[in-house]
Amino acid sequence: MAQHLLLGDEALAQGAIDAGLSGCYAYPGTPSTEIMEYFQGSADASERGIHRQWSSNEKVAMEEALGMSYAGKRAMVCMKHVGLNVAADGFVNAAITGTNGGLIVTVADDPSMHSSQNEQDSRFYAQFAMIPCLEPSSQQEAYDMAGYAFALSEQQQLPIMMRLCTRLSHSRADVRTAASKSEQNGLRPPDAATRRFVLLPAIAKRNYDALCAKQDTLVASSEASPFNRYEDGADKSVGIIVCGIAYNYLQEAFGGKCPHPVLKLSQYPLPKKQLAQLMASCQSVMVLEDGMPFVEQMLRGPLGNDRILGRLSGELPRTGELNPRLVAKAFQLELPAVPALSPLVKIRPPRLCDGCPHINTYEALGEALKDFADAKVFGDIGCYTLGALPPYNAISSCVDMGASITMAKGAADAGVYPAIAIIGDSTFTHSGMTGLLDAVWENSPITVMILDNGTTGMTGGQDSMGTGRMAEICAGIGVSRDHIREFVPLPKNHAVNVQIIREEAAYRGLSVIIARRECVQTLRKKKR
Amino acid sequence: MKHDIVLAGVGGQGILTIAAIIGEAAVRQGLHVKQSEVHGMAQRGGAVLAHLRLSSEPIHSDLIAAGGADVVLAVEPMEALRQAESLSPRGVILANARPVRNIGDYPELDDILAALRAFPLNVVIDAEQMAQDAGNARAMNMVMLGAVSPFLEFPDDLLATTISDTFARKGPEVIAVNLKAFAAGREAGLAVKR
Ligand SMILES: Cc1ncc(C[n+]2csc(CCOP(=O)(O)OP(=O)(O)O)c2C)c(N)n1
Ligand code: SF4
């Protein structure tokens with residue numbers, strides 16, 4: 001056994017390597033990015049020939065992982081919570097086909113929205129797809145759960161969701177790793193007679209019935225899970241259900257000596273037996289869970305239930321991540337006084353790096369659009385979203401990856417002119433290309449600005465599949481070569497760049513402007 | 001033994017280097033470690049923080065409860081003040097006095113420094129100048145690490161050895177500058193600890 005200081009993300013990755021993983025597929029997204037980065041940097045993974053390349057988006061990654069599982073090998077797909085919206089079609093239907101080699105779907109939620117546009121809770125998706133969900137409470141559990149999840153997946157022939165949260169993903173702790181590693185599975189696709197991967201209605205119905213019939217077994221598995229634990233306590237005025245890392249906050253608040261009965265929950269569906277025991281023996285039940293009130297709402301039911309305490313009853317805030325202080329407060333424990341924030345402290349929002357190419361693009365855009373009072377600029381997700389803040393105040397929307405082009409098109413359909421879309425290279429190949437195809441079909445009067453900085457900047461500089469090939473891709477999709485323009489966003493090119501934007505904004509048809517200069521952060525990394 | 005340390009700064013200043021060295025030293029001591037970091041959005045020049053917990057006993061929470069930190073260590077003065085709510089009444093606050101003025105309404109520096117010096121236990125130093133004197137302004141982090149070292153119960157040479165190992169790949173000159181910066185910071189910390 002060896003000790004390592006690992007992030008939750010890294011512990012899970014090492015656990016998967018040690019458990020015989022054959023391939024990981026992922027699209028970057030905070031806080032899940034470090035899982036793939038760990039595989040890419042790992043000598044173990046390299047030695048064992050584990051597939052570890054980024055995918056173009058989460059749906060693609062999900063299906064690639066399912067393909068590896070089909071072939072009989074152990075696979076993992078990783079994404080941030082909103083990535084699962086993109087991957088949802090493949091995800092939900094992978095539960096209907098079932099798996100062959102073990103398949104872990106790792107989804108990292110971001111309660112408090114540190115780097116995200118919402119606080120959605122992936123446990124709802126696991127419940128929706130009717131598959132088991134594991135939620136580690138510590139880095140060690142993240143490590144240990146990888147092998148357990150693969151075994152469970154192969155036993156139940158279902159994908160297993162691994163739900164992480166920012167605080168576990170991005171926190172390091174000492175992790176004990178196993179002395180020996182499991183062999184990878186050999187190539188063994190299902191035999192031709194099993195048609196379960198062919199979701200024609202007749203087969204899908206049979207599969208779905210089988211999935212429904214499995215649910216009792218999944219509850220039994222949760223009841224027997226080494227990661228779910230009933231810890232009795234003398235003070236039964238309140239019992240506590242703690243999900244995932246909330247367990248640590250509870251222990252911290254009570255100094256490791258919680259007087260109440262506790263159900264530590266790290267595997268779903270809910271373990272009926274332990275839950276019934278807690279409900280029967282305690283007057284009320286407090287639910288501590290990071291993310292949305294998933295368990296709490298189930299226990300409350302639609303009519304409410306005064307016995308169930310938590311985010312919905314007001315003991316805890318409805319939104320935002322938990323912490324030891326909030327948990328202590330919910331139990332009215334004594335707390336040290338906390339001084340008020342000094343009025344001297346000002347908000348310090350993130351900003352574009354000095355020398356960032358996006359700065360020059362926004363400066364040119366701002367000047368060009370002075371001639372177009374009615375212009376609307378539809379933004380997208382990436383470093384360039386920071387163009388929404390002063391001094392640029394340059395974009396009027398940022399919704400989800402790819403929505404710049406499609407919203408600009410919809411707005412143009414409604415009569416907005418000029419409608420400009422701003423999208424990064426990675427976001428364009430993630431979800432922008434399909435929308436552009438619609439705009440080509442109708443020759444929509446929009447101008448799409450692709451900011452090609454050669455990388456996925458926002459998430460720390462991962463390779464992006466289409467970098468440097470933006471013009472070819474757009475031409476291939478059908479954008480007229482005459483209206484595919486390129487410029488280098490540098491101060492010395494300012495006047496030329498302004499002119500290019502002006503011309504294309506004035507053109508009443510589809511145009512694409514590619515602003516191409518490398519991210520200064522990746523450039524710096526390469527030079528090191 | 002238990003140390004709960006809140007590290008603060010501005011994205012890009014490299015507070016994780018400090019955390020990594022202390023964490024590594026703690027592991028070498030056989031201590032339990034939990035270190036919660038900020039990755040992502042805020043790293044683009046925003047306010048960043050990390051929680052570092054070291055203990056001879058197993059550690060429960062990855063986060064330090066507000067009002068519970070033994071140390072607030074900041075590489076930027078306004079960020080030190082932002083994290084002051086974490087500090088326990090008996091704790092020490094350490095700050096680099098050099099501001100990062102990347103916002104329009106940055107307050108009067110003197111007011112911030114005065115507020116920091118009003119804490120019963122404080123070390124407020126121009127770590128950047130001290131690092132420059134040691135040979136490279138970029139060793140500012142090592143000055144701050146030196147300043148906090150007297151407040152951590154580590155054997156005398158442990159942090160210095162860990163620094164040497166951390167920078168081993170960069171050659172003896174880099175190591176020497178970083179150790180010199182560390183020593184200068186340590187003097188400043190000792191002056192307050194005594
Ligand atoms: C569905 C989804 N997946 C992943 C993310 C995380 N994410 C935010 S921006 C971004 C990519 C940014 O890259 P790019 O478009 O090239 O712009 P840059 O940041 O380089 O300017 C990613 C992966 C997300 N917000 N949504
Ligand atoms: S990381 Fe790169 S793309 Fe993002 S703001 Fe910095 S220079 Fe610009």
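A: Gladly! Let us begin with a term: a salt bridge is a side-chain nitrogen of Lys or Arg within 4 Å of a carboxyl oxygen of Asp or Glu. Keep in mind that this is a predicted model.

Q: How many salt bridges are there between chain B and chain A?
A: The count is four salt bridges. One to look up is the pair A:Arg348 and B:Glu79, with the closest N and O atoms 2.7 Å apart. Chain B and chain A also have 20 residue pairs in polar contact, both residues being at pLDDT 80 or more.

Q: Which parts of chain B supply the side that touches chain A?
A: Helix H1 (15-28), strand E2 (32-36), strand E3 (47-55), helix H2 (77-82) and helix H3 (109-117) of chain B each supply at least two residues. The largest share, five residues, comes from E2(B). By class, this side of chain B divides into 19 nonpolar, twelve polar and eleven charged residues.

Q: How does E2(B) pair with strand E7 of chain A?
A: Strand E7 (residues 171-177) of chain A and E2(B) pair in the antiparallel sense, over three bridges.

Q: What is a way to give the size of an interface?
A: The size is often given as the accessible area lost when the parts come together. Between chain B and chain A, the buried area is about 3,700 Å², and carbon and sulfur atoms give 58% of that. Counted by residues, 42 of chain B are in contact with 41 of chain A.

Q: Into which domains is chain A divided?
A: Chain A has domain 1 (2-221), domain 2 (229-330) and domain 3 (357-527). The centres of domain 1 and domain 2 of chain A, taken over C-alpha atoms, are 26 Å apart.

Q: What does the interface of domain 1 and domain 2 of chain A bury?
A: We can read it in the way we read the chains. The area buried between these two domains of chain A is about 2,100 Å², with 53% from carbon and sulfur atoms. Here 26 residues of domain 1 are in contact with 24 residues of domain 2.

Q: How many salt bridges cross the interface of domain 1 and domain 2 of chain A?
A: The rule finds three salt bridges there, along with 16 residue pairs in polar contact, both at pLDDT 80 or more. On the domain 1 side, H7(A) gives the most, with four residues. By class, that side has 13 nonpolar, six polar and seven charged residues.

Methods. Residues numbered from 1 in each chain as written. Chains lettered and ligands numbered in written order. Predicted model: local features only at pLDDT ≥ 70, side-chain atom pairs only at ≥ 80, totals over all residues. Heavy atoms only, no water. Contact = heavy atoms within 4.5 Å. Buried area = accessible area lost by both parts, 1.4 Å probe. Polar contact = N/O pair within 3.5 Å; in protein donor to acceptor, adjacent residues only side chain to side chain. Nonpolar A, V, L, I, M, F, W, Y, C, P; charged D, E, K, R; others polar. Pairing = 2+ DSSP bridges. Domains from an automatic or database assignment.
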